[in-house]
Amino acid sequence: MRPLPYDDPGTPDLRSPVRFMAWTARLQWRTVLGGVCCAIVWMLCLAMMPAAISRGTDDGIRGHDMGALVLWSITLIVLAAIAAGAGVLRHRFAVLNWLQAAFRCMQLVGEHATDSGEALPRAMPTGQVVASAATDATRFAESYDAFARFVGAIVAYLVVAIILLRSSLPLGLVVLLGVPVLLTALAAVIKPLQRRQQAQREQSGRLSELGADTVTGLRVLRGIGGEHTFRRRYAEQSERVRLEGVRVAIPQSTLDSAQVLLPGIFMLVVTWLGARSVHSGAITPGELVAFYGYSTFLVMPLSTATEMTGKFLATRVAAGRIIKVLQIPGDHTGEVPTAHLPDGPQELVDPSTGAVFAPGLLTAVVCDVPAQASALADRLGRFGQGGTDVTFGGVRLADVAVREARSRVVVSEVDPRLFAGTLLDQLDPAGRSTSDQIAAALDAADAHDVLLALEDGLQSQVEERGRSFSGGQRQRLALVRALLTRAETLVLVEPTSAVDAHTEARIAARLAAARRGRATVVMAASPLLLDQADRVLLLQDGGIVAEGTHADLSRTSPAYRRVVLRGEEDIDEPAHA
């Protein structure tokens, strides 16, 4: 048995937790049905064993018929063998269904986080998203583990009830009427349990969020001596989670104890009534053995029913938290593309600032307000909320699919991320580059020393967020990754801000050659980079106020000198007649 593919789960039903649960069940109905069938066979075989023992007792032992005794003994062995085989398959299907449901939820959260981009962390703490993918997904799948056993328990319960009714009407009525009454009594425990579970999930999500933020900013915390403050905050939040767990434990322990107490009471009543029936001659001793066996067996269906009740509540709570994540729309959700970008190198134009980026040129953008440069980069890459009037070859990027626009215009941010995995996967995620192309990109980014320092080279494992690398090393590796995209237009935001002057000079001298024939946009104020640019644009107050080469602007534009030379604006000031 192999799990279903997870490549395209379709559009989930997010109208309610129950609808979402039904939607996931439909996606894996084959394995759910297989588990149900095996569970029914398993339960029925177990339910028939007391009947076989009863017939063997009455016909074989009391009737002194050796043939009947052998026949019912063989029947009992066959039932046990079938129950064992069906039980193994039932368990395998249960684990398979649990894994499919859990990983499907993880996939949905992961894909939604990827598609929604910056919209998700703006609307929801990162820790809550992580908790949904890691914790809620597994809790959501718990019902799939118990569902097949629950259906088998219902079928077995009905079959046993019919047998008991035919054997003794009072005992049958006890089973048919007593069990639903006992299970209904659990409703008083279920509602408080559900509310307290929800509160515990929220506090646990806040704890995960606090832990993720602390780990992310650990260097900063140590630099300012804030470890003790965050340790105290984490300890306080951990205490809140513990207290919520204690509050959950009260109704949860009541529910767990009911799984033992209620079946025990039921077995006691059935056995007592059966003994009275034998004494009065209404049933035979063999039927009394069967009644006792059924009262023992029914512990399993009743325990399964109460277990399913608890797991269904946990699944419903987890589904609600997952839905909250999936309901957050991305910045471009619902947009319908109406055009396609023209083939070949094209001119990229931003009407908001008047910036024009021609193909085949290295264009630098200088701005005294870094936020304006970042906003320009976001518009060029279709990041952020709202549409954009940026055109590529005369076609608005807002009119084409986001995936198509970003395949033609690639933006490398000022704080690029590295993920866990091999270094080769980080540099060339699509696996489209040859070894010569990777070597050329490493040379252009002056990153060969980073590679040489690793024992396994490109196959070395990168830690989460590239923690094992310095800031400058991460920045150079991110530049290698950007160069390997070989995008028609590449936008680099402060690509050398974390490297020393000598390394920056080498990168600046090699970047233009590495991108020859393609459009490259660099958001930077470093003279070393600007001196290598074909054109430099000065962005102020939301518009381009000057353009030219670095040398020309350094001579003719005081505003440019104030931004780039930083206090040296009077150097090489042109003489006035």
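**Ground rules.** I am working from a predicted model, where local features need pLDDT of at least 70, side-chain atom pairs count only at pLDDT 80 or more, and totals for chains, interfaces and linings use all residues. Residues are numbered from 1 along each chain as its sequence is written, and side-chain values use heavy atoms, with hydrogens and water left out.

**Strand E10, burial.** I looked up residues 519-523, which form strand E10. Helices (H or I, at least four residues) and strands (E, at least two) are DSSP runs, numbered from the N terminus. I found 5 of the 5 residues in E10 buried. Buried means under 20% relative accessible area, exposed over 50%, and partly exposed in between (1.4 Å probe, protein chains only). Ala519, Val521 and Met523 cover one side, and Thr520 and Val522 the other.

**Strand E10, partners.** I count two strands as paired if DSSP finds at least two bridges between them. E3 (residues 362-367) runs parallel to E10 over 4 bridges. There, Ala364 has Val522 as its bridge partner. E9 (residues 489-493) is also parallel to E10, with 5 bridges. Here Val491 is bridged to Val521.

**Cysteines.** I checked for disulfides, taken as pairs of cysteine sulfur atoms within 2.5 Å. The count is 0. Cys37 is in no disulfide; its nearest cysteine sulfur belongs to Cys38, 6.9 Å away. Cys37 is partly exposed, at 41% relative accessible area. Cys105 is buried, at 0%.
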